[in-house]
Amino acid sequence: MRKICVVGTGYVGLVSGAGLADFGNEVICTDIDQGKIDMLNKGEIPIYEPGLKELVDRTMTSGRLSFTADVESAVRQAEVIFIAVGTPMGDNGEADLRAVEAVASTIAQNLNAYKIICTKSTVPVGTGARLEKLITAECESKAEFDIVSNPEFLREGSAVKDFLNPDRVILGTSSQRAESVMRDVYRPLFINETPMVITNVPSAEMIKYASNAFLAVKISFINEVANLADKVGADVHTIARAMGLDGRISSKFLHPGPGYGGSCFPKDTEALVHTGDQHGVQFQVVQAAIAANKAQRSIILDKVKELLPELSGKVIAVLGLAFKANTDDVRDTPAFEIIQGLNRAGAVVRAYDPIAAENMKQYFFPDLDTRSSVDDAVQGADLVIILTEWNELRGLGLEALKHRMKSPNIVDARNILSVDQLKELGFNYRNVGRSGV
Ligand code: UDX
């Protein structure tokens with residue numbers, strides 16, 4: 001059991017903090033946002049994430065998880081400090097490291113004994129070396145420290161499960177002392193024989209970007225395959241399944257749709273391209289994936305226009321606003337550009353999402369007409385477009401839907417509806433790459 005401080009209580013920090021406490025460590029989660037810390041101390045979770053409240057409650061009750069806005073004191077008490085603050089996209093697509101560097105300065109000023117400083121946030125290759133220099137320069141106590149890169153691969157919506165049962169743990173360090181402490185921090189996973197990759201800091205930093213960029217490439221690739229399948233009467237699901245039967249390809253992340261969004265893929269792909277540029281290496285494949293992803297939003301809009309060439313004054317029910325199911329996150333959600341396009345064309349947009357509607361209004365469209373149920377959103381609509389694969393939408397009663405709508409037009413941008421049923425009920429429909437069904 002180790003004494004840990006996690007700086008930053010966003011998705012990665014909060015889930016990691018609670019997860020590390022569940023592994024038996026004593027964890028203090030800290031954040032400069034006093035409001036967030038107050039909420040957490042009252043047992044309220046600032047984000048929607050299945051299973052997180054139970055995990056936080058359990059570890060708080062056990063006394064192994066606590067929250068404070070006193071970052072300095074939390075740093076002084078800890079042996080291992082995880083930096084889990086945001087690294088948003090800055091100018092030119094590079095990762096903005098200001099928050100990470102501010103935390104490093106605080107650590108330097110409070111380095112009262114040997115500590116391990118571990119980056120959990122996605123940071124570009126070279127950041128570990130940069131932090132080492134910064135802390136050495138700013139630390140007056142001259143206490144020893146080691147830098148570790150321990151990138152996190154959790155997905156929103158399944159973050160708790162992903163953290164507690166990861167496919168692999170990456171530990172980047174050149175220090176044996178740090179390695180042995182980190183092995184202790186992740187002891188339950190070592191016992192479970194979770195694959196551990198122990199490497200140097202730059203390799204660990206790159207593993208995260210290479211993994212996310214590769215997945216983004218996979219998605220853009222299958223989206224382009226789907227677009228061609230639509231033109232030639234093929235079914236992308238059959239194609240993806242057959243491709244996936246080749247063990248070298250794997251069927252995962254070959255689901256077509258409106259393009260990837262969220263807090264990671266869009267910014268990590270841009271950051272990797274930017275880092276490559278800085279070193280004279282062109283990531284042409286990743287650049288193409290980014291361009292294809294942007295184009296995919298327009299391709300979905302084109303499908304709407306195929307069914308309703310004149311959108312002005314038409315009522316469009318947008319079902320699903322979150323960038324994917326099981327999250328209230330709307331960062332880089334395809335719904336943003338698609339609603340923007342519909343507004344530009346003069347359509348009357350009505351939106352429904354089980355939990356992300358408020359965020360969509362708060363961050364993007366203050367005047368968005370959001371409805372509290374699917375039935376309400378689709379009543380009298382000229383067209384329905386599905387943008388998030390919520391289970392509730394998978395189970396949409398199509399017969400009742402048809403009765404409620406003014407005209408039976410539907411764009412299923414997530415391929416979650418039964419094509420047979422759509423045909424049977426006489427819907428005019430479009431999906432992504434299934435014209436051959
Ligand atoms: C991702 C990585 O999976 C995770 O390892 C990393 O730590 C953070 O970034 P996340 O953004 O939470 O996680 O969601 P993920 O489930 O990976 O989906 C990302 C985007 O790709 C979503 O917009 C999703 O809709 C889209 N996607 C995913 C597809 O369009 N098709 C697929 O087959 C899979």
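How much area is buried between domain 1 and domain 2? I started there, with a predicted model in which local features need pLDDT of at least 70, side-chain atom pairs count only at pLDDT 80 or more, and totals for chains, interfaces and linings use all residues. Residues are numbered from 1 along each chain as its sequence is written, and side-chain values use heavy atoms, with hydrogens and water left out.

**Domains.** I found the chain divided into domain 1 (3-199) and domain 2 (258-430), with bounds from an automatic or database domain assignment. My answer on buried area is about 1300 Å², 55% of it from carbon and sulfur atoms. Buried area here is the accessible area (1.4 Å probe) that two parts lose on being put together, summed over both. On the domain 1 side, I noted that Tyr48, Met89 and Glu156 supply 44% of what that domain buries against domain 2, more than any other three residues. The domain centres, taken over C-alpha atoms, are 34 Å apart.

**Ligand.** Next I looked up where the ligand sits: both domains give residues to its shell, so it lies between them. I counted 18 residues around the ligand, near meaning a heavy atom within 4 Å. Glu156 turns up again, among the closest with Phe153, Leu154, His255 and Lys324.

Then I checked polar contacts (N or O pairs within 3.5 Å). A side-chain N or O atom of Lys324 is 2.9 Å from a ligand oxygen. For backbone atoms, I have Phe323 at 3.3 Å from a ligand oxygen and Leu254 at 3.4 Å.

Key:
A polar contact is a pair of N or O atoms within 3.5 Å; within protein, one must be able to donate a hydrogen and the other to accept it, and residues adjacent in sequence count only if both atoms are side-chain atoms.
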